[in-house]
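Hi everyone, thanks for coming. I'd like to walk you through one model today, so please have a look at it while I talk.

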Amino acid sequence: MSRTRALLWPVLFGVSLVLAFVSQHLPPWLLTPPQAMMIDLAGTTSAAMKWLVEDATFGMFTVKEATRAIATLIEVPYEAARILLVDGITEGKGRRASTIIPPISWIAVTAAMVALGIYARNLKLGLLIGALFLYLAVFGQWESAMVTLASILIAVPIGVVGGLALGILAFLSPTFSRVLSPILDLMQTVPTFAYLVPILFLFGFGPVAALIATVIYAMPPMVRITTLALRQVPPELQEFGRMVGCTPGQQMRKVLLPTALPDLMVGVNQVIMLSLNMVIIASMIGAGGLGFDVLNALRSLKIGDGIEAGLAITALALALDQLSQALAARSHVGAPVQGSWIKRHPKTVAVLVLIVVTGLAGLVLPWVQTYPREAMLSTRSFWSDLVTYVNVNYFDQIEAFKDAILINLLLPVKRFLLALPWPWVLALLTLAAWQVGRGRLAGLCLALGLFIVVTGLWEQAVTTVYLCGISVVIAALIGVPLGIWAAASNTAGKVIGAFIDMLQTLPSFVYLIPVIMLFRVGDFAAMIAVVLYALAPAVRYTAHGLRSVQSELIEAGIVCGCTRWQVLTRVRLPMALPDILLGVNQTIMLALSMLVITALVGTRDLGQEVYAALATADVGRGVMAGLAVAAIAIIADRLIAGATARAKARLGLSGE
Amino acid sequence: MKQTKRLISLGLALTLSAGAAFAQVESEDPIKLTLHDWTGQLITTNIMAAVLEEAGYNVELVQADYLAQFSGIESGDLHVAMELWATTAADAMNASIATGNTVSFGETGMQAKEEWWYPIYMKEKCPGLPDWKALNACAEMFSTAETAPKGRYLGGPVTWGGYDEERIASLGLEYEVIHAGTDAAMFAELAAAYERQDPILMWIYSPHWAPIKYPGEWIEFPAYSAECYTDPAVGENPAAAYDCGKPTGPIYKAGWVGLEGKWPGAAKAIKAFTMTNEQMGEMVGKGDVDGIPLEDVVDEWMTNNEAVWKTWIE
């Protein structure tokens with residue numbers, strides 16, 4: 001029995017090879033799904049969208065009026081944040097507006113951030129954050145960074161409050177939770193570009209539409225973490241709350257939420273980081289700020305400018321990340337200080353005084369208000385010279401390396417996958433799903449696969465699987481050893497950690513252009529970009545999994561006489577397997593979310609389909625391609641989750 | 001001292017502009033012009049904005065996607081698009097005009113050209129250029145691992161059309177089209193190839209900074225005609241269409257249908273706006289090659305051409 005099982009997949013693979021080999025002699029409908037099978041879902045979606053925007057009403061007012069009202073509502077706090085940080089109070093409209101009261105000066109903003117850092121943890125953190133903000137000023141990124149900060153300041157609270165509300169509802173009502181779960185899956189897997197066009201229709205052009213797209217992208221983790229955190233509140237505490245006579249409202253406000261607070265802050269941190277991830281895409285529909293600077297610089301090939309603006313996004317992300325993590329871990333120490341409000345809030349007072357003082361001083365001394373141009377530093381020419389140097393001197397070696405991988409790996413895999421008949425692929429998929437999760441999972445995977453077939457996106461979907469699949473394998477091959485290394489030594493752990501943090505917060509567009517200059521337009525450049533972006537979770541989860549193997553098990557291994565290598569391969573790695581699989585799962589998700597970016601290089605996959613739909617404002621086409629990406633993501637997620645659960649059961653890690 | 005002076009002049013400017021605005025302008029609401037991602041368009045739009053401001057209008061510049069902007073124009077969220085190229089946006093623009101919510105403001109006077117292009121150093125390596133008949137002899141030189149033995153032709157994003165696959169087939173060219181995803185990707189390759197003086201054959205459009213910064217030439221295909229694209233019998237290959245070069249076309253202005261009713265004076269000025277390819281090429285070169293800030297380029301044009309734009313807003 002087990003022998004036939006072990007042979008099953010190698011035999012199926014052999015059959016696939018034969019099928020691919022003879023594919024030219026197969027009837028064409030086996031390779032490309034026939035036209036008769038297609039359902040015009042895209043057209044239907046476009047028509048539905050048109051109806052929603054133009055005709056749908058709630059009786060008193062139309063849907064569009066309602067969404068526009070929401071947009072106006074969000075615009076008010078956004079404008080306020082901009083007045084404080086960027087514009088100041090101005091007279092007149094449009095471009096000719098002149099400043100009456102200037103925005104908060106760079107000195108005061110930096111000081112406020114330092115004070116926040118000290119409040120959240122200690123002076124060291126305050127100084128780190130201060131240094132990061134100083135970077136923004138010294139490298140001439142201040143104004144754009146403040147525009148970006150203003151939109152983050154609005155997007156994050158909306159994302160947090162919205163996520164909290166949905167999360168609480170899902171906690172209270174299991175039915176709502178069941179309905180919400182697939183929607184969250186979609187929000188996380190449908191590429192952002194796919195819903196940009198509908199958002200533009202409903203909320204109009206400009207920063208508000210960009211803000212809403214940001215919130216949709218950044219909110220799901222907050223919802224999930226809220227529900228999870230509330231469910232994990234110990235039942236004794238809930239009992240206690242009921243015993244002392246809490247109303248349901250009090251129970252939530254005074255017992256459940258405070259207990260779950262540390263977990264909730266992790267969610268807040270996620271919302272901040274994801275919002276910053278959206279900066280570039282948001283700037284494509286009018287958000288402005290640093291994302292716009294990056295795009296603009298790279299479009300005119302000013303690589304140095306692009307890298308500097310990109311690093312400014314990283315600096316902002318790092319500062320906000322550190323700050324929110326410190327706030328999450330903040331313990332309430334020390335007795336409350338007695339006395340007047342001023343006495344109790346010395347830092348707040350100091351910052352407020354500084355705002356007023358620098359504001360007034362700025363009227364006489366311009367450098368107090370705006371960091372002087374003469375004192376700015378720049379590394380621009382260094383970066384572009386570096387790319388030029390590598391390009392001129394090492395291109396032949398790079399080209400040879402690229403060709404070797406292209407000819408021996410990428411092209412054969414692509415041809416093989418594209419030559420497989422689609423019914424065969426669907427059958428294999430269903431079989432794999434049945435092995436992992438029986439009837440239910442098999443049904444789901446078959447349905448999602450058929451969805452891709454009937455939307456007529458089969459070929460693009462296969463190209464997507466090819467590009468992402470190879471990238472994920474390479475990312476895992478690099479990431480897992482890096483993770484093992486990071487877990488083995490503290491220093492290595494810190495250096496590698498900082499490196500992958502930077503890779504994740506630096507907008508991928510920044511390294512995309514140098515990658516194209518060195519590797520040319522094509523699948524290889526796209527693959528490099530995907531690997532760089534998707535590497536992080538493979539490293540992080542591996543390191544985390546290895547570190548959290550129980551020490552008794554390791555000791556048992558050592559007692560049995562295992563060498564270090566044997567401890568690693570026989571004890572630690574197998575025990576960490578579920579975590580590593582989870583890391584691979586996240587790597588796949590990130591690889592899929594990079595599709596829209598690789599579309600900018602010129603791939604011919606689902607990402608390109610989504611991007612092309614955005615460029616032609618074709619709602620239905622974009623949504624369908626986006627859903628196809630989501631379908632692939634969900635299939636991969638469920639298969640790996642099933643495999644992880646089985647691995648856990650085998651290792652005796654779960655209750656089964 | 002300097003500061004006080006600034007404050008005084010500011011106050012003066014405020015009273016003046018307020019007075020002027022009330023005297024001339026039909027509506028104080030800002031007119032929204034769209035900005036895209038190429039320098040020429042930024043210059044055109046900024047000049048138009050400066051002229052409208054001289055006339056007393058309030059102007060706002062909004063970053064918007066080239067093709068996605070039409071939904072904004074149709075709903076009145078955006079008001080004016082200053083550069084719509086017949087070569088790339090004609091279909092989207094005509095579809096938008098057909099809804100009745102968008103109107104054309106006429107031509108800008110600039111002519112868009114797009115065609116196959118090579119850097120000037122390739123002329124020595126491949127004698128016979130710019131004639132298209134010389135291309136097949138050099139296919140090997142232009143090839144890469146992905147396309148070998150065929151030559152590699154770097155095309156624009158798929159959505160931009162251009163019928164290059166069809167052209168290659170009908171003219172019997174030994175080339176394969178590799179589509180770049182964005183114009184940034186395309187010019188990144190050009191910059192890298194130019195630094196190494198490597199062979200590259202690609203699609204370029206003008207007015208653009210690239211052919212100004214990197215000297216090169218257009219491939220000369222059989223001349224374009226509308227029939228060549230539709231009728232197989234016309235052109236080099238009697239059995240296939242698209243056996244000729246690409247069309248050139250005007251660059252149009254268009255905008256929201258309500259603009260004329262709300263700001264009649266502005267609509268008149270926008271319709272009157274014209275610019276030549278030479279003027280634009282010079283300004284684009286100043287901005288992208290010489291590195292002069294765009295505001296300065298625009299200011300210089302405004303000062304030197306006062307007599308011209310004054311007639312637009314009379």
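Predicted model: local features only at pLDDT ≥ 70, side-chain atom pairs only at ≥ 80, totals over all residues.

Okay, chain A. The secondary structure here comes to 30 helices and two strands. How does the radius of gyration of chain A sit against that of a compact globule? Well, for 656 residues the globule would have a value near 26 Å, and chain A has 27 Å, so the two agree. As for burial, 45% of the 656 residues of chain A count as buried. And if you take the contacts in chain A between residues at least 6 apart in sequence, 77% of them join residues at least 24 apart.

The domain assignment for chain A gives domain 1, which is 75-381, and domain 2, which is made of 382-419 plus 455-651. Their C-alpha centres lie 28 Å apart. Where they meet, 30 residues come from domain 1 of chain A and 32 residues from domain 2 of chain A. On the domain 1 side, the elements that give two or more residues include helix H8 (174-189), helix H14 (279-284) and helix H16 (303-329) of chain A. Which of the helices has the largest share on that side? That's H16(A), with 10 residues. By class, the domain 1 side that touches domain 2 in chain A has 20 nonpolar residues, eight polar ones and two charged ones.

Let me zoom in on one pair of helices. In chain A, helix H4 (residues 63-87) packs with helix H10 (residues 207-218) at an angle of about 95 degrees, and their axes are 10 Å apart. Parallel or perpendicular, then? An angle from 65 to 115 degrees counts as roughly perpendicular, and therefore H4(A) and H10(A) are roughly perpendicular to each other. If you want to find the contact on screen, look for A:Ala71, A:Ile74, A:Glu75 and A:Tyr78 on H4(A), and for A:Pro207, A:Val208 and A:Leu211 on H10(A). Those residues divide into six nonpolar, no polar and one charged.

Next up, the place where the two chains touch. Chain A puts in 49 residues and chain B puts in 48 residues. On the chain A side, the elements with two or more residues include helix H18 (346-364), helix H20 (380-419) and helix H29 (606-615) of chain A. Of these elements, H20(A) gives the most, with seven residues. The chain A side as a whole divides into 28 nonpolar, 14 polar and seven charged residues.

Over to chain B. This one is divided into domain 1 (30-109 + 250-312) and domain 2 (113-230), and the C-alpha centres of the two are separated by 30 Å. Their contact takes 12 residues from domain 1 of chain B and eight residues from domain 2 of chain B. On the domain 1 side, H12(B) gives the most, with six residues. That side has four nonpolar, seven polar and one charged residues.

Buried or exposed? B:Trp116 has 26 other C-beta atoms within 10 Å, so it is buried. Leaving out residues up to four places away in sequence, B:Trp116 touches B:Tyr153, B:Leu201, B:Trp203, B:Trp218 and B:Ile219.

Last, some backbone details. There's a cis peptide bond between B:Leu129 and B:Pro130, with omega about 10 degrees, and B:Pro130 sits in strand E5 (residues 127-130) of chain B. Another cis peptide bond joins B:Ser206 and B:Pro207, with omega about 5 degrees. B:Pro207 is in the loop between strand E8 (202-206) and helix H8 (210-213) of chain B.

Then there's positive phi. A:Arg520 is not a glycine, but its phi is positive, about 65 degrees. A:Arg520 counts as buried, because it has 27 C-beta neighbours inside 10 Å. B:Gln197, also not a glycine, has a positive phi near 55 degrees. With 12 C-beta neighbours inside 10 Å, B:Gln197 counts as exposed.

Methods
Residues numbered from 1 in each chain as written. Chains lettered and ligands numbered in written order. Contact = placed C-beta atoms within 7 Å. Helix = DSSP H or I, 4+ residues; strand = E, 2+ residues; numbered from the N terminus. Nonpolar A, V, L, I, M, F, W, Y, C, P; charged D, E, K, R; others polar. Domains from an automatic or database assignment. Rg over C-alpha atoms; globule rule 2.2 N^0.38 Å. Buried ≥ 20, exposed ≤ 12 C-beta atoms within 10 Å, placed from the backbone. Axes fitted to C-alpha atoms, helices over the stretch in contact; angles between N-to-C directions. Parallel < 35°, antiparallel > 145°, perpendicular 65-115°, else oblique.
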